[in-house]
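This report describes one protein model together with its ligand. The sequence and the structure are shown first, and the description follows.

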Amino acid sequence: MSSPASKTALVTGASRGIGRAIALELAQSGAHVLVHYRTGVAEAEAVAGTIRDSGGHADVVGADLATPDGPHALAARVREIVGDRLDILVANAGISKAATIEDTTVADFDRLFAVNVRAPFFLVQQLLPLLGERSSVILLSSAVARTAIGTLAAYAATKGAIDTLVRHFAQGLGARGIRVNAVAPGVVDTDMSSFTKSETGRQVTLAMQALKRIAQPDDIAGSVAFLASDEARWITGHTLSVDGGSKL
Ligand code: NAP
């Protein structure tokens, strides 16, 4: 790992949870990783420190992706660090909110779509000058885009939008040699799915999965690293379920 990193990668929302695991996994495979955060600067620095301690290359980049110009600011910062080439973009940062249809507010709905859909869209747009032949874009979908679990209608709709974007981006960018895919986790043990910490939440989760354990963030990271790798060079426009067989 002491040789210069061969690929550059941006992972949004890499200060914790699934994004953190993805950043560590990509660094393990030799990429120079830009660890993005919004509020968790100390956590992001710790992730970058772990990568550097293992002989890898990492930088941290902060941006609030809920704001209209957040993706533009982040892309400008990425360009300053990596120059004109980004090999891997993982648009992982996301928020969720459980609410019944009656209790969902306009503000919550707009924020969910701003962070989960608008930001990935414009991040891809703004980073296009850096993406090229053999670049890989990976978006984060969710099992709830294909199955109605919990009181998550608005959140689930953002992930349905991601599945749609994957196809249109893949079609639109394929001629440039850019692949675009998504991974769709089921329930993963992170701050977002904190109900897995309760015995009831744990039992509900296990009951809907073929594989009987609670997923950890690194159960997702390997699939992202695979899609980012040249082993997946003929896969594009695909959403890969990485959910232990949820709601089969
Ligand atoms: P998490 O633990 O809650 O972490 C969320 C990450 O997103 C943090 O790094 C956070 O940054 C960042 N973030 C949140 N709001 C942001 C904003 N406005 N601007 C920029 N960054 C922001 O979430 P997770 O469970 O790892 O989820 C990661 C992705 O997987 C999300 O897209 C989620 O929808 C998807 N997913 C999760 C599950 C699950 O069960 N956990 C299942 C299916 C899909 P800071 O902490 O630095 O503020």
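Thr205 counts as buried because its relative accessibility is 0%; buried means under 20% relative accessible area, exposed over 50% and partly exposed in between, with a 1.4 Å probe and protein chains only. The model is a predicted one, in which local features need pLDDT of at least 70, side-chain atom pairs count only at pLDDT 80 or more, and totals for chains, interfaces and linings use all residues. Residues are numbered from 1 along each chain as its sequence is written, and side-chain values use heavy atoms, with hydrogens and water left out.

Thr205 belongs to helix H6, residues 199-208; helices (H or I, at least four residues) and strands (E, at least two) are DSSP runs numbered from the N terminus. Leaving aside neighbours within four places in sequence, Thr205 is in contact with Val187, Phe195, Thr196 and Ile214, where contact means heavy atoms within 4.5 Å. A polar atom of the Thr205 side chain lies 2.7 Å from the backbone oxygen of Gly201. Between the C-alpha atoms of Thr205 and Gly186, which are 19 residues apart along the chain, the separation is 9.0 Å.

The protein as a whole has seven helices and seven strands. From the N terminus on, its elements run β-α-β-α-β-α-β-α-β-α-β-α-α-β. Its radius of gyration, taken over C-alpha atoms, is 17 Å, close to the 18 Å that the globule rule gives for 248 residues, so the protein is as compact as a globular protein of that length; the rule is 2.2 Å times the number of residues to the power 0.38. The C-alpha trace spans about 50 × 35 × 35 Å along its principal axes. Of the 248 residues, 49% count as buried.

The largest nonpolar core has 34 residues, and Val11, Ile22, Leu26, Val33, Val35 and Val90 have the most contacts inside it. Such a core is a set of buried Ala, Val, Leu, Ile, Met, Phe, Trp, Tyr and Cys residues joined through side-chain atoms within 4.5 Å. Among the elements that each supply at least two residues of this core are strand E1 (7-11), helix H1 (17-28), strand E2 (31-37) and helix H7 (217-228). Apart from this core lies another, of 32 residues, among them Val117, Leu130, Val137 and Leu165. Not counting residues up to four places away in sequence, Ile22 touches Val11, Val90, Asn92, Ala221 and Val224.

Of the 34 residues around the ligand, Arg16, Thr39, Tyr155, Thr190 and Ser193 come nearest; a residue is near a molecule if one of its heavy atoms lies within 4 Å of it.

| Residue | Atom of the residue | Distance |
|---|---|---|
| Gly13 | polar backbone atom | 3.1 Å |
| Thr39 | side-chain N or O atom | 2.6 Å |
| Thr190 | side-chain N or O atom | 2.5 Å |

The protein covers 96% of the 900 Å² of accessible area that the ligand has on its own, with areas from the Shrake-Rupley method and a 1.4 Å probe.

Most residues other than glycine have a negative phi. Arg134, in the loop between helix H4 (106-127) and E5, has a positive phi near 75 degrees. Arg134 counts as exposed because its relative accessibility is 53%. Lys247, in the segment after strand E7 (239-242), has a positive phi near 50 degrees. At 44% relative accessibility, Lys247 counts as partly exposed.

How values were computed. A polar contact is a pair of N or O atoms within 3.5 Å; within protein, one must be able to donate a hydrogen and the other to accept it, and residues adjacent in sequence count only if both atoms are side-chain atoms.
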